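This briefing covers one protein model, grouped by topic. The sequence and structure come before the notes.

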Amino acid sequence: SIRNEIADKDEIIRKIQSATAERDALKARIPAGRDTSPDSQPWPAYFESAAASAGVDKSALEVSPESAGTSGELADEYFYELSLKKVNAKQLAKFLFQAENGRRPAKIRKLSVETAPDMSGALDARLSMVVYKMKNPS
């Protein structure tokens, strides 16, 4: 009946208003002055930023050129090989967290860690990261 249809439309309007309020609340949590575009910097710079925030010297990080992965309907997948030289466990953990949980879609696929033979406690890590570049809607 028409009353049911009106009630259904009213429910849709309430859901849209609720989603809009949630979106606005999330936007309000974004720090002022930060570029919110997902592709605001190249991936190597993104990894360098994650390393810097973890206290890793820029010279300790090596990032390979990207290699193409699969292409999906919403995003394209790319791979990067990274290595961190002579870092401590805390720096490595912070870097891994920053790289995977930052503002851009990236996931760790492989990770290997070796300790320095000199008993210094320094670690060398190699990891594969998969990153996603969102496609523009057509």
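Leaving out neighbours within four places in sequence, Leu-82 is in contact with Phe-47, Leu-61, Glu-62, Val-63, Phe-95, Ala-125, Arg-126, Leu-127 and Met-129. The model is predicted.

**Nonpolar core**

- The largest nonpolar core has 24 residues, and Leu-82 is among the four that touch the most other members, together with Phe-47, Leu-84 and Phe-95.
- Two or more residues of this core come from each of helix 2 (43–53), strand 3 (75–87), helix 3 (89–101) and strand 5 (123–134).
- Phe-47 is buried, because its relative accessible area is 0%, under the 20% limit.

**Aromatic pairs**

- Four aromatic pairs are present in the structure.
- One of them joins Tyr-46 and Phe-47: the ring centres are 5.8 Å apart and the planes are at 70 degrees, so the pair counts as edge-to-face.
- Both Tyr-46 and Phe-47 are buried.
- Phe-47 also pairs edge-to-face with Tyr-80, at 5.5 Å centre to centre and with 70 degrees between the planes.
- This second pair links distant parts of the chain, since Phe-47 belongs to helix 2 and Tyr-80 to strand 3, 33 residues apart.
- Tyr-80 has a relative accessibility of 4% and therefore counts as buried.
- Through ring pairs, Trp-43, Tyr-46, Phe-47 and Tyr-80 form a cluster.

**Charges over rings**

- Trp-43, a member of that cluster, has the charged end of Arg-104 over its ring, 3.8 Å from the ring centre.
- Lys-133 lies over the face of Tyr-78, with 4.5 Å to the ring centre.

**Strands 2 and 3**

- Strand 2 pairs with strand 3 in the antiparallel sense, over three bridges.
- The two strands are joined by a hairpin of three residues.
- Within strand 3, Asp-76 stands opposite Ser-71.

- Gln-91 is found in helix 3.
- The relative accessible area of Gln-91 is 18%, so this residue is buried; the limit is under 20%.
- Not counting residues up to four places away in sequence, Gln-91 touches Ala-54, Gly-55 and Val-56.

Conventions
Residues are numbered from 1 along each chain as its sequence is written. This is a predicted model: local features need pLDDT of at least 70, side-chain atom pairs count only at pLDDT 80 or more; totals for chains, interfaces and linings use all residues. Side-chain values use heavy atoms; hydrogens and water are left out. A nonpolar core is a set of buried Ala, Val, Leu, Ile, Met, Phe, Trp, Tyr and Cys residues joined through side-chain atoms within 4.5 Å. Buried means under 20% relative accessible area, exposed over 50%, partly exposed in between (1.4 Å probe, protein chains only). Helices (H or I, at least four residues) and strands (E, at least two) are DSSP runs, numbered from the N terminus. Contact means heavy atoms within 4.5 Å. Two strands pair if DSSP finds at least two bridges between them. Rings of Phe, Tyr and Trp (its six-membered ring) pair if their centres lie within 6.5 Å; planes under 30 degrees apart count as stacked, over 60 as edge-to-face and the rest as tilted. A charge sits over a ring if NZ of Lys or CZ of Arg is within 6 Å of the ring centre and within 35 degrees of the ring normal.
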